[in-house]
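Let's take a walk through this fold, starting with its sheet and ending at a hairpin. Keep the 3D view open as you read.

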Amino acid sequence: MRTLLITGPGGSGRTTIAAATAQHAAAGGARTLVLSADRSDTLGAALGTRTGTSPVRVAPRLTAWRPDAAAGFRDDLTGFQDRAATLLDLVGASRLDAEEVTPLPGAEELTLLRALRDAALAEAHDLLVVDLPPAPQALALLALPEELRRYLRRLLPPERQAARALRPMLGRLAGVPMPAEQLYETTARWDLELAAVEAVLADRRTAVRLVAEPGPAGVDAVRDARLGLALRGLPVEALVANRVLPEEAAHTGPLTGIAAQQHKALGEWPGAATVAHLGHDPRGAEDLAALAVPAVNPAASPVEWPVVDRLAQDGVLVWRIPLPGAIREELDLVRRGDELVVSAGAFRRIVALPSVLRRCGVDGAALRDGELCVRFAPDPGLWPRGQ
C-alpha cells in the first residue's frame, strides 16, 4: 500500500486537495482510504458525504474515515484502569467513569497515528491519503513516534526488563503487587505500537504532498515545510499551488495585486502543479472532479542519507544529509555518543549514527547547495587495522 500524507499552511485548502486526490485515485481504479483528524467534518463537506467514527463508503473504491479521538481516549483510559486495578485499589484511587472522560490535548494526533497504523496493517487498500493538520503541527506529529520511542528507551531501557521474571516472586514475598511489572509491560506495548507507526512513515512508498496558496506567506511556509520534512527523511511527492487565479486577473480588475503575487510565487516553485480557483468553495464529487490535482506519483524518490567513503582520497567518511532551504547560520550539530543532534532553523532531530560512523570522530561539516556534509575521521583506537 502507498501512503500519501497531505499538509500545508493553515487555510491553504489541504483538506479539499486531500479529498480530490483520493477521489481521482479511486476513479482511476485504486482502492483508496482518506483519513482526517479534524473535529469538524471538513473532509465530509468537501466530499459531499458525512464522515465519522466508522469508515464510510463515498464512491466505488473510495472510503473516508474520521476516527473519534474522544472514544479512543476513553477506551485507552478504561483499559489502563483495568490493567492497574490492583495498584489503584492499593493506593485508594477512585476510578474515572467513561462518561466523565474528555480527551486531552494531543489526543486527535495520537488517534490519527493509530488509525494510520491500523489502515496500513489491514492491507485493504492500495492508497492511503492522510489529511494532516497544518504544516507546523503536522511536522511535530510526524516526529512524535520516533521521539517517544527514544524517551521510552532512555527512561526504561529494554535490558532492565531481563529482571521481569523475578518481580512476581518479589511481589509475593512483599505481599503487595509490584507496579514495575505493569510499567514495563505497558512500555513494551507502547513501543510496539509506536514502532508500527514509525515503520509506515519510514516506508519507501510513503511521501508527502504539500498544498499552499502561491504568495509571499506560502513561499515562506513551503520553504520551512520542505526543510522540516527533509530532516525527518520524508520525500515531497508534489507541491500543489492551490486556488490559482486565471491569468487575465493579473491584467485588470480588483484582483490584479493578488494575481501578481501568485505569479511571482509560482516562479519560485518550478514543477509545482497548479489548481485553479473555482470561484467558490469546492463541495461534492462534481467540484472535486473539476480540480486538476496531479495523479499520485508512484516513482517519488525516498530521501537518502548516504555515507560516502572518501578514506582513500581525504581520509574521511562523509555523511550527506539533504536539507533544502537550510541557512548556514541556523544550523547546529552536536555529537552525543552514538547519536547526532541536528538543528536546522526551527527543527531539531536526534538521529542514531550509522554503525560505521560510531567508530569515528566528527572532523567538520559544510552546507553546500542544500546538502549538509558531515565529515567523520576514523578513531585509530576503534578502527580495525587494515581498514
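Two strands count as paired here if DSSP finds at least two bridges between them; strands themselves are DSSP runs of E, at least two residues long, and helices are runs of H or I, at least four long, both numbered from the N terminus. What you're looking at is a predicted model, where local features need pLDDT of at least 70, side-chain atom pairs count only at pLDDT 80 or more, and totals for chains, interfaces and linings use all residues. Residues are numbered from 1 along each chain as its sequence is written, and side-chain values use heavy atoms, with hydrogens and water left out.

Start with the open sheet of 8 strands, which runs S3-S4-S2-S5-S1-S6-S7-S8 with mixed pairing. Its edges are strand S3 (56-59) and strand S8 (273-276), each pairing on one side only. From one strand to the next, the twist averages 25°, using axes fitted as lines to C-alpha atoms and angles from 0 to 180 degrees between N-to-C directions.

Now zoom in on strand S2 (residues 32-36), which pairs with strand S4 (residues 62-65) in the parallel sense over 4 bridges. Leu35 has Trp65 in S4 as its bridge partner. Leu35 also touches Leu43, Pro67, Leu112 and Val130, among others, where contact means heavy atoms within 4.5 Å.

That leads us to the interior. A nonpolar core is a set of buried Ala, Val, Leu, Ile, Met, Phe, Trp, Tyr and Cys residues joined through side-chain atoms within 4.5 Å, and buried means under 20% relative accessible area (exposed is over 50%, partly exposed in between; 1.4 Å probe, protein chains only). The largest such core has 57 residues, and Leu35, Trp269 and Trp319 are among those with the most contacts inside it. Apart from it lies another core of 26 residues, including Ala19 and Ala46.

How many aromatic pairs does a search of the whole structure find? It finds 1, with rings of Phe, Tyr and Trp (its six-membered ring) pairing if their centres lie within 6.5 Å; planes under 30 degrees apart are stacked, over 60 edge-to-face, and the rest tilted. Trp305 and Trp319 make this edge-to-face pair, at 5.8 Å centre to centre and 70° between the planes. Both Trp305 and Trp319 are buried.

Last stop: strand S12 (residues 339-344) and strand S13 (residues 347-352) pair in the antiparallel sense over 6 bridges. S12 and S13 form a hairpin with 2 residues between them, and Gly345 in the turn has a positive phi of about 60°.

Conventions
Lists of a residue's contacts leave out its neighbours within four places in sequence.
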